[in-house]
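Dear colleague,

Please find below the structure that I am handing over to you. My findings follow it, and I would be grateful if you read them with the structure open.

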Amino acid sequence: MLPAEFDYAAPESLDEALALLTGGGNVRILAGGQSLLPTLKLRLDRPDLVVDLRKISELSYVREENGEIAIGALTTYADLVASDLIGSGVGRCLAEAAASVGDLQVRNLGTIGGSLSHADPAADIPAAALALDCALVARSEEGDRTIAVDDFFHGLWTTALLPSEMLREIRFRKANGGGAYEKLRQAASGFALVGAAAVMQMDGDTIAGARVALTGVASSPFRLHALEERLSGESFGEELVREVCDEAGEAIENPLSDVHASAEYRVAMAGVTARRAILRAAG
Amino acid sequence: MMATTVPKQIGARIRRKEDPRLITGSSTYTDDIKLPGMLSMVLVRSPHAHARITEIDVSEAEGMDGVVAVTTGADLEGSVAGLPVAHKLEDLKEPPHRALSIDKVRYVGDAVAAVVAVDPSRARDAAERVHVGYESLEAVVDIEAATEDGSPLVHDEEGSNIAYEFPFLAGDVDAALLNADVVLRLRLMNQRQIPVALEPRSVIAQFDRGFGKMTLWSTTQIPHLLRTQLAIGLGLPEHSVRVIAPEVGGGFGSKLNVYAEEFLAAHLAKTLGRPVKWTADRSEGFLATTHGRDQLNEVEVGVDGEGHLLGMRVRMLQDLGAYHQLLTPVVPTLTVLMLPGCYRLPNLEVHLSGVFTNKTPTDAYRGAGRPEATFLIERVMDHIAAELDLDPAEVRRRNFIAADDFPATTATELVYDSGDYETALDRLLEVTDYAGLRREQEERRARGEVMGIGLSTYVEICGIGPSAALPAGGWEACTVEVRRTGAVVVKTGISPHGQGQETTFAQIVADRLGVPVDAVEIAHGDTDYVPEGIGTFGSRGLAVGGAALSLALDSIRAKAKKFAAHLLEAHEEDIEYEGNRLEIKGAPDRFVALEDVIGAAYLATDLPEGVEPGLAATHFFEPPNFTFPFGAHLCVVDIDPETGEPTLRRYVGVDDCGNVINPMIVDGQLHGGIAQGIAQALFEEAVYDRNGQLVTGSLMDYALPKASYLPNYELHRMTTPTPVNPLGAKGIGEAGTIGSTPCVINAIVDALSPYGVRDLEMPARPEKIWRAMGSGASE
């Protein structure tokens, strides 16, 4: 498990790191390294330059600003799990997603920005980011560019980020309501066979807003728009949620099928996990 | 001198002596060793399951910076022999298994060239630049298709993929099935598994030209057998080969072998005159270390109306993979031997065929043939119960070999040493409140919950074994040296790699010689320091290696008594040796301590007549029989009716491995063993696609059990000593694995019985369970 030769830089500042991104060649950003390092060791990727962000400490934080929760891109899963700011309310779907990642060693190293940028189709964090309607702040030498999470994922390991950009911050509104993440684990990797993140905003018994996203089911995480619309404005009830979720699978295009689960099972489990997430998020 | 009393150590739950160095990273594994001038070897492996090699162009690789040599199979002809297979089978096809293939590649991972460079990165880079031309051939992947006429051949010159046939017949199965009230037919697959030891395989070879001496460090379970095979394979005298197994991080049978990399590193170290190291990376381990199981059984079994076994016929297909490794064809013969399990089975017919396919060779994997047998007969028991509407516990009880039938001869002509299967089952049913569990199940089912209770009563064969039953000796050797400072050095021929014998053997020495456990050093795994031995496998470390130790301790004690008698001017037969005190029977104030004896033995100024100086002894132990540990396991599984996910809520075992030296270590072996057996039932599966590509070739896709997937184990013990060895100990390394797989599958099938389910193929992944409950389209 030895990577092909590459150049390595560990810049002291974000600006220095951004300058390295535009130097030409295949440049990879090393954050927690939980996906990148295996990829390099298996020689599935042979970058010319690896830019290690280990010395850039200012991108690790969770704070509240103007009614929003702002999370530095280098915040680890373990820090997300430990944060009071996201452990309750809508943010709980993110905390639960982070808690379900890998094992303790992985959670101590892997980062929220790394997960989103890597865009693995079965990663947990992207579903939570979609449910939370996150604003993703990308930084390049040109400055900040804010990308709505709905526009961020473009397919298998592909995002809206330009080669010159890296994620700097992830923000979401601190709305009233609840969040939850439900997942069936792929037993070997611990990734989601199917994962569902839900954010439910309630006005008494009425569903004021619902955002539900799935991961592990298709080449990218995605929201269940039709389901969200059917729930919005309705008065909350288990029967309604069950009915809506039973039909949720119909909206899934090109569901994944592999050695771990068939498309049929994934689609069926999408409905089950979505329902369980919605019920807990609303509860 | 003061005599002290040492508390009894045999039977004490003391912590493992080896653990502090292991858990603080203070121990040395093969890959930790760095020798001056050492080179790195990387192998070029086939990406094809089956292909003809049309050319190998090494010129670019040879010219790369830091590359010292690139070797192909053609370079080895005449100087490196093929890899050995040890067996006593008749008419076994033994196609050549070269360290580097020359004509065809026969599985993904088959090695075709070795690159040696100054460091592993450069060797790896150069390996990518060895250009191998392949003409792809159709791969033989499915074991049944492999036996059909017209199947592509893994070894063309053999004319068939069937490497051997092993027929077995006892009694009259035709008549038994004809007279049976019920004949059941089962098809049971033991899926292919991949042993994943924490430490990947690694080897270093160093050749001393002056002495003509080859030293090989290897992650092996069998340094002595490897020494002999390496000597044969490279044409060296055996005494010129030294094999060292440093700390070895687990093996589970996958390091009970002689591998191509061991021959290659040794050959290259000799020809290049510099030490050569090879260490597998994890991906390579998945492809090029032996796999386990992969056995298909078609069973016909006849019973009478009360559920008594009358006769059984088994058609057994064993996937050997592409080549024989050391014990590849032998492993399934253990399945045949153990098919009767704990039961009276008067008529048995088996037809075993070993079949070559274009997959990684299979070989011993924890349990090695016995898990397959236990799975088969324990599934049969539950099928009988389901068919006759009997409780599965009752079916087992009706068929058990009775406690007063021991020693009991089976249809397969094994002699079970000792046992009491019914008492084990009774204890299990009592401690689990089995009747209460069944009531709970009824209540839960009424509420729409899905709960299952699984039983498994197992017996297994270990303490391997009598030399007559093995191709290369089944004895064990041990030397005990009582040193001048009072320390005791034990040189054992077994080669523990996680089993804890540094502790258990020290406990035995402590009690028998009256020294503290900490004063005992257990040396192993170096064929120059410990010249004779066989190794650690087949749950034999204590039952055979410990027995050799016991014989050596008998000699030491006898000699110590001679010295004591001489010092006390008494008769030898009047000396009692208790603790470290050797006293005159009936006159306890007249004694000497062990240290007085040591002084007399080594100063040798006043020797008893006819007694040699020194206090050391070497003994070989030849076991008169195998040992047969047994037990009864029960587990409770809850299944999520919406997702099919099973949760093991309880796992309870009553195990009997004869006398126990250290209960904590026995528990630990059971914990690990049960986890591995559960893993076969629920998680692990080596999947090949139709082209022979290993789809589950990494830990991202091959599901090892994680601690969070497993229940707490409730372990209870019975003790039925074996008469086979002086310790009365049977062996516990594999029992947990053997007992647990059918226990879990029986629980899942029991849970699903309201859905009309009688069988479920392993591993019982959630989707399979979900489908078995009637969800999804039928496949």
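In this predicted model, 16 residues of chain A are in contact with 23 residues of chain B. On the side of chain A that touches chain B, helix α10 (residues 263–282) of chain A gives the most, with five residues. By class, that side of chain A consists of 13 nonpolar residues, two polar and one charged.

Within chain B, please look next at a pair of helices. The axes of helix α12 (residues 392–399) and helix α13 (residues 421–431) of chain B come within 10 Å and cross at roughly 160 degrees. Angles over 145 degrees count as roughly antiparallel, and α12(B) and α13(B) are therefore roughly antiparallel to each other. Their crossing is left-handed. From α12(B), B:A393, B:R396 and B:R397 meet B:E422, B:L425 and B:L429 of α13(B). This contact has three nonpolar and three charged residues, and no polar ones.

Chain B also contains an open sheet of four strands with mixed pairing, in the order β21-β20-β19-β25. β21 (520–523) and β25 (616–621) of chain B stand at the edges with a single partner strand each, so one side of each has no neighbour in the sheet. From one strand to the next, the twist averages 15 degrees. Strand β19 (residues 476–482) and strand β20 (residues 488–492) of chain B pair in the antiparallel sense over five bridges; B:C478 has B:T492 in β20(B) as its bridge partner. Helix α15 (residues 501–513) of chain B packs on the sheet and touches β20 and β21 of chain B. The direction of α15 makes about 135 degrees with that of β21(B).

Yours sincerely

Definitions and conventions. Residues numbered from 1 in each chain as written. Chains lettered and ligands numbered in written order. Predicted model: local features only at pLDDT ≥ 70, side-chain atom pairs only at ≥ 80, totals over all residues. Contact = placed C-beta atoms within 7 Å. Helix = DSSP H or I, 4+ residues; strand = E, 2+ residues; numbered from the N terminus. Nonpolar A, V, L, I, M, F, W, Y, C, P; charged D, E, K, R; others polar. Axes fitted to C-alpha atoms, helices over the stretch in contact; angles between N-to-C directions. Parallel < 35°, antiparallel > 145°, perpendicular 65-115°, else oblique. Left-handed = near helix turned anticlockwise from the far one by under 90°. Pairing = 2+ DSSP bridges.
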